[in-house]
Amino acid sequence: MTIVLVEDDPGQARLIERNLRRAYCTNDIVTLSAGQQAVDYRLKECTYAGATHALPLLLLLDLNLPGLDGYQVLTCLKADAPTRHIPLIILSTTEEPSETERCYALGCNIYLTKPVEYEQFAAAIRQLGLFLSIVKLPLGV
Amino acid sequence: MEGRVKERTVELEEANEEVRRFAYIVSHDLRAPLVNLQGFASELRIASDVLQAALPAVLPHLEPSQRTDVSHVLDQDIPEVLGFIETSVTRMDHLIGAILHLSRLGHRDLHLESLDMQALVHGTVQTLAHQIAACQAQVTVGPLPTVTADRTAMEQIMGNLMANAVAYLVPGRPGEIVVTGERHADVTVFAVRDNGRGIATDDIPKVFEPFRRVGSQDVPGEGMGLAYVRILVQRHGGEIWCHSTWGVGTTFTVTIAHQIAGGPRAF
């Protein structure tokens with residue numbers, strides 16, 4: 001399983017990766033900084049034409065992204081049959097109930113709020129890492 | 001003339017809305033790098049702990065002068081630097097949080113209802129009972145009229161004014177706090193009067209500004225209380241002002257409009 005982390009802030013991406021690794025997450029982690037990249041990556045289009053990355057994928061998606069934002073990526077992937085079953089986890093910074101509702105309505109699988117305080121943030125990401133280690137995905141997704 | 005006034009009002013409301021959005025964006029967008037700063041400071045601390053743990057085994061292999069330098073860096077420099085980074089980040093985080101809160105108060109929907117202010121202020125007095133008893137203050141309330149307003153907002157307004165009145169009493173002088181209220185033609189007027197330390201005339205306008213704290217800094221607080229109160233009062237179509245005589249006491253007066261437009265307001 002390859003974990004695709006879509007996060008435009010490189011610092012934030014690095015901190016997420018570090019804490020996933022601390023939870024003994026040994027999967028490949030690919031960091032993408034824009035929404036369009038996430039869609040291209042999955043479909044092996046544009047920059048990723050001919051790419052041979054290992055399947056299945058699991059997406060960790062930030063909502064505030066330049067260009068195609070998180071909602072659009074979510075809509076795009078969940079509307080399309082070949083990409084619909086990719087597990088998609090939203091990593092949000094806000095606790096706005098309407099935002100949570102909107103993401104689930106668009107078909108996200110799990111919605112998480114990143115705590116602002118770093119120790120809690122690190123603990124939350126480590127728990128996510130432990131959770132990911134027991135997630136079972138269909139082959140070839 | 002009336003048309004001109006209307007035009008100006010619309011312009012002002014637009015400007016207010018702009019400032020509000022600006023405050024919201026600034027506080028949200030400032031927070032992201034701050035969270036990273038806090039995160040990487042923690043990561044540095046973790047890395048430094050790893051070095052610290054390895055130090056006893058490594059030190060004997062170093063030159064004496066190097067040994068002193070290395071232990072100084074690990075024992076003193078790094079912890080000091082991290083300490084400063086962390087306190088600054090925390091301070092900045094509080095400031096951003098306060099601005100965010102202020103912009104939210106300016107935007108939150110008001111739930112207008114008829115409020116028994118006598119009961120509401122009585123509740124405030126009970127919340128402050130411990131502090132009031134500690135400084136042996138005498139609190140006289142009302143009689144107060146009912147008012148149509150947002151309950152939470154009125155609780156915050158009265159709570160803040162009364163907590164200030166209690167906090168800034170003069171130690172050793174029996175405190176007297178009087179809350180009055182009166183219904184006028186267009187507004188209801190409430191006043192909180194104390195016989196506390198008072199505010200210097202030059203400082204009076206500053207007390208309503210965000211983060212400004214005046215007088216001797218012996219009472220803890222973030223300097224946002226009256227900024228919050230002012231925005232809540234403005235949301236109720238009202239005004240707040242302050243009369244004070246240094247060393248004698250302070251009166252804060254608040255008006256609440258009978259007819260509230262209820263649009264969002266920026267600070």
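Let's start with one residue. B:Asp203 has a relative accessibility of 17%, so it counts as buried, since buried means under 20%. A word of caution: this is a predicted model. B:Asp203 forms a salt bridge with B:Lys206. The closest N and O atoms there are 3.3 Å apart.

Some salt bridges share partners. They join A:Arg18, A:Arg22 and B:Glu43 into one network. Look at one link in it. The side chains of A:Arg18 and B:Glu43 meet at 2.8 Å, N to O. Between chain A and chain B, the count is 2 salt bridges. Over all chains, the structure holds 7.

Now the contact itself. Chain A brings 12 residues and chain B brings 10 residues. The area buried between the two chains is about 970 Å². Carbon and sulfur atoms give 55% of that area. Which residues of chain A lose the most area to chain B? They are A:Leu15, A:Val116 and A:Tyr118, together 49% of what that side buries.

On to chain A. Chain A has 5 helices and 5 strands. Along the sequence, the pattern is β-α-β-α-β-α-β-α-β-α. Take one piece of it. Strand E4 of chain A, residues 88-92, runs parallel to strand E5 of chain A, residues 110-113. How many bridges join them? The number is 4. In that pairing, A:Leu91 stands opposite A:Leu112.

How much of chain A is buried? Of its 141 residues, 47% are. The accessible surface of chain A comes to about 6,800 Å², and 54% of it belongs to carbon and sulfur atoms.

The side chains of A:Lys114 and A:Glu7 meet at 3.3 Å, N to O. A:Lys114 sits in the loop between E5 and H5 of chain A, and A:Glu7 in the loop between E1 and H1, so the pair ties together parts 107 residues apart in sequence. Are these two buried or exposed? Both A:Lys114 and A:Glu7 are buried.

Last stop, chain B. B:Arg45 and B:Glu86 form a salt bridge, with the closest N and O atoms 2.8 Å apart. B:Arg45 is in helix H1 of chain B and B:Glu86 in helix H2 of chain B, 41 residues apart. B:Arg45 is partly exposed at 32% relative accessible area. B:Glu86 is partly exposed as well, at 25%.

How values were computed:
Residues numbered from 1 in each chain as written. Chains lettered and ligands numbered in written order. Predicted model: local features only at pLDDT ≥ 70, side-chain atom pairs only at ≥ 80, totals over all residues. Heavy atoms only, no water. Pairing = 2+ DSSP bridges. Helix = DSSP H or I, 4+ residues; strand = E, 2+ residues; numbered from the N terminus. Buried < 20%, exposed > 50% of the residue type's maximum accessible area, 1.4 Å probe, protein only. Areas by Shrake-Rupley, 256 points an atom, 1.4 Å probe, with all protein chains shown as cover. Contact = heavy atoms within 4.5 Å. Buried area = accessible area lost by both parts, 1.4 Å probe. Salt bridge = Lys/Arg side-chain N within 4 Å of Asp/Glu carboxyl O.
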